[in-house]
Amino acid sequence: MKKAGTTPLLDTLDDYRVRMVLSMLIRDDPSVTDRIEEYARSLLDSVDYKNVADSLYSGLNAIEIEDVWDSSGKQRDGSYIDTGERAYEMVEEILEPYTDEISAYLQRGMPDESREYCMGVILGLWRFNMDSCSDLLDELPDSFPDFIEMIKRDWEKEVKDPEQIALLSDWLEEEEIEPF
């Protein structure tokens with residue numbers, strides 16, 4: 001017996017084709033746009049900053065110092081990559097999807113959720129800097145406060161809302177994350 005709301009055809013479409021079907025549906029019947037946006041908003045409106053922090057913390061802890069060492073030093077092309085520089089790049093690679101999501105929430109018109117997501121990123125970075133035993137911290141002894149400041153500064157520039165900025169500042173003060 002087939003479950004309600006599922007079809008073998010739709011269940012097997014890749015993400016690109018699902019987006020195409022959704023776009024065609026909206027184009028052919030604009031009256032469904034509001035319902036689709038309502039469903040999308042309901043999926044996105046419950047940001048738990050602690051879960052974001054835990055996820056980022058885990059991602060940073062997963063960076064093996066041996067991977068940093070193996071991918072730094074003299075390169076095949078004769079260039080040299082410092083271990084600290086390579087460690088910094090690896091942290092940036094972990095951070096990129098998080099910073100992209102902060103911006104995406106703003107593009108969606110969801111500044112509260114963007115702030116919550118930003119709080120999670122900041123908390124994850126702060127916890128990693130304070131609590132982790134990762135050897136990565138030896139390669140980047142002063143970088144995590146800089147990462148936090150960069151995330152905060154970039155978000156403030158993008159959100160451009162004094163009330164949102166004040167809410168983030170109040171939270172930072174409550175959590176005793178400032179000064180960096």
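The legends below describe views of a predicted model.

**Conventions.** The model is predicted, with local features requiring pLDDT of at least 70 and side-chain atom pairs counted only at pLDDT 80 or more, while totals for chains, interfaces and linings use all residues. Numbering starts from 1 along each chain as its sequence is written, and side-chain values use heavy atoms, with hydrogens and water left out.

**View 1. Fold and extent of the protein.** The protein has 10 helices and two strands; helices (H or I, at least four residues) and strands (E, at least two) are DSSP runs numbered from the N terminus. Along the sequence the pattern is α-α-α-α-α-β-β-α-α-α-α-α. The radius of gyration is 21 Å, well over the 16 Å given by the globule rule for 180 residues, so the protein is more spread out than a compact globule. This radius is taken over C-alpha atoms, and the rule is 2.2 Å times the number of residues to the power 0.38. Along the principal axes, the C-alpha atoms fill a box of roughly 55 × 45 × 35 Å.

View 2. Of the 180 residues, 33% count as buried (under 20% relative accessible area; exposed is over 50% and partly exposed in between, with a 1.4 Å probe and protein chains only). Among contacts (heavy atoms within 4.5 Å) with a separation of 6 or more, 65% come from residues 24 or more positions apart.

**View 3. Tyr98 and Tyr117.** A search of the whole structure finds seven aromatic pairs. Rings of Phe, Tyr and Trp (its six-membered ring) pair if their centres lie within 6.5 Å; planes under 30 degrees apart count as stacked, over 60 as edge-to-face and the rest as tilted. Tyr98 and Tyr117 form a tilted pair, 6.3 Å centre to centre with 35° between the planes. Tyr98 lies in helix 6 (residues 83-107) and Tyr117 in helix 7 (residues 111-131), so the pair ties together parts 19 residues apart in sequence. Tyr98 counts as buried at 12% relative accessibility, and Tyr117 counts as buried at 15%.

**View 4. Tyr105 and Tyr117.** Tyr117 also forms a tilted aromatic pair with Tyr105, at 5.9 Å centre to centre and 40° between the planes. This pair links distant parts of the chain, Tyr105 in helix 6 and Tyr117 in helix 7, 12 residues apart. Tyr105 has 5% relative accessibility and therefore counts as buried.

**View 5. An aromatic cluster.** Tyr57, Tyr88, Phe128, Phe144 and Phe147 form one aromatic cluster.
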